[in-house]
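Please look at the sequence and the three-dimensional structure shown here. The paragraphs after them lead from the whole protein to single residues.

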Amino acid sequence: MLSDGSLLGLSVREYGLLAQLATNDRQPVPRAMLLDALYARQDETAQRALESLVRRTRQKIAARYSCPSVILAQHGLGYFLSVPFAPE
């Protein structure tokens, strides 16, 4: 649920992705760590699934907030949130 009371409509894995990224306070989370946390494996299928998951989550956030760059990739390091996470 968002601060305005509306729902973003995230899947369990999309929520898990954001939770993993939020715990690192704008520091890159290695792909291997995300693969282990979200898929429990690191094969090519899981890697493609992670890329799709990131793309879908970005699209949902962009559609709701008109801000397409919330989840960023840092080449060779992983993914991170471009905005600070402020839990209520």
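The model is a predicted one, in which local features need pLDDT of at least 70 and side-chain atom pairs count only at pLDDT 80 or more, while totals for chains, interfaces and linings use all residues. Residues are numbered from 1 along each chain as its sequence is written, and side-chain values use heavy atoms, with hydrogens and water left out.

The protein contains 3 helices and 2 strands, and their order along the sequence is α-α-α-β-β. Helices (H or I, at least four residues) and strands (E, at least two) are DSSP runs numbered from the N terminus. Of the 88 residues in the protein, 27% are buried; buried means under 20% relative accessible area, exposed means over 50%, and partly exposed lies in between (1.4 Å probe, protein chains only). Among contacts in the protein with a separation of 6 or more, 51% join residues 24 or more positions apart, where contact means heavy atoms within 4.5 Å.

Consider now helix 1, which spans residues 12-22. Its buried residues are E14, G16, L17, L18, L21 and A22. They pack against helix 2 (31-39), helix 3, strand 1 (71-74) and strand 2 (78-81).

How do helix 1 and helix 3 cross? Their axes come within 10 Å and cross at roughly 85°, with helix 3 formed by residues 44-65. Helix 1 is therefore roughly perpendicular to helix 3. Axes are lines fitted to C-alpha atoms, for helices over the stretch in contact, and angles run from 0 to 180 degrees between N-to-C directions. Angles under 35 degrees count as roughly parallel, over 145 as roughly antiparallel, 65 to 115 as roughly perpendicular, and the rest as oblique.

In this contact, R13, E14, L17 and L18 of helix 1 meet L53, V54, R56, T57, K60 and I61 of helix 3. By class, the contact of helix 1 with helix 3 has 5 nonpolar, 1 polar and 4 charged residues. Here Ala, Val, Leu, Ile, Met, Phe, Trp, Tyr, Cys and Pro count as nonpolar, Asp, Glu, Lys and Arg as charged, and the others, Gly among them, as polar.

Two residues show this contact in detail. E14 counts as buried because its relative accessible area is 2%. Apart from neighbours within four places in sequence, E14 is in contact with G9, L53, R56, T57 and K60. T57, in helix 3, is buried because its relative accessibility is 0%. With neighbours within four places in sequence again set aside, T57 is in contact with E14, L17, L18 and I71.

The axes of helix 1 and helix 2 also come within 10 Å, and they cross at roughly 140°. These two helices are therefore oblique to each other. R13, G16, L17, Q20 and L21 of helix 1 make the contact with M33, L34, A37, L38 and Y39 of helix 2. Its residues comprise 7 nonpolar, 2 polar and 1 charged.

Finally, L21 in helix 1 is buried, with a relative accessible area of 0%. Not counting residues up to four places away in sequence, L21 touches V29, L34, I71, Y79, F80 and L81. The C-alpha atoms of L21 and L81 are separated by 6.1 Å, although the two residues are 60 residues apart along the chain.
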